[in-house]
Amino acid sequence: MTETLPLAALLAGTARAKAAYPTERVRIEKGLGLCLDEAVELRIDGSALVRSATEPETTYTVRHGCCACPDARSKTPAGRCKHLYAVSLLRFAIKTRLTGV
């Protein structure tokens with residue numbers, strides 16, 4: 001992230017995600033943590049790179065709603081990992097900032 005996003009927008013997105021996916025609270029909160037740690041890089045092609053929380057030298061690509069991490073491929077409901085949530089929360093916060101919605 002090159003600009004500081006309003007914390008309120010990230011928290012609003014987090015609350016919406018938790019309401020939509022109540023069993024995914026932990027992954028959503030970890031996704032928020034990745035946003036706050038500035039571990040998400042949105043790319044011009046629509047994909048995103050997200051730094052691993054446990055291995056900082058590792059990044060995962062999120063593209064078309066799918067993440068390449070092991071968690072998304074085998075352990076999560078519908079592939080919704082913390083990296084995917086981080087990208088979704090960041091995009092929500094940017095949209096909120098730009099549109100005021």
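Which residues touch the most other members of the largest nonpolar core? They are Cys 35, Val 40, Val 62 and Cys 67, in a core of 21 residues. A nonpolar core here is a set of buried Ala, Val, Leu, Ile, Met, Phe, Trp, Tyr and Cys residues joined through side-chain atoms within 4.5 Å. Buried means under 20% relative accessible area, exposed over 50%, and partly exposed in between (1.4 Å probe, protein chains only).

A quick word on the model: it's predicted, so local features need pLDDT of at least 70, side-chain atom pairs count only at pLDDT 80 or more, and totals for chains, interfaces and linings use all residues. Residues are numbered from 1 along each chain as its sequence is written, and side-chain values use heavy atoms, leaving out hydrogens and water.

The largest share, six residues, comes from α4. These helices (H or I, at least four residues) and strands (E, at least two) are DSSP runs, numbered from the N terminus.

Now for charges: the structure has four salt bridges, each a side-chain nitrogen of Lys or Arg within 4 Å of a carboxyl oxygen of Asp or Glu. Here are some of them:

| Pair | Closest N to O |
|---|---|
| Glu 41 and Arg 43 | 3.8 Å |
| Arg 27 and Glu 24 | 3.5 Å |

Glu 29 sits in helix α2 and Lys 18 in helix α1, 11 residues apart. Glu 29 is partly exposed at 39%, while Lys 18 is buried at 17%.
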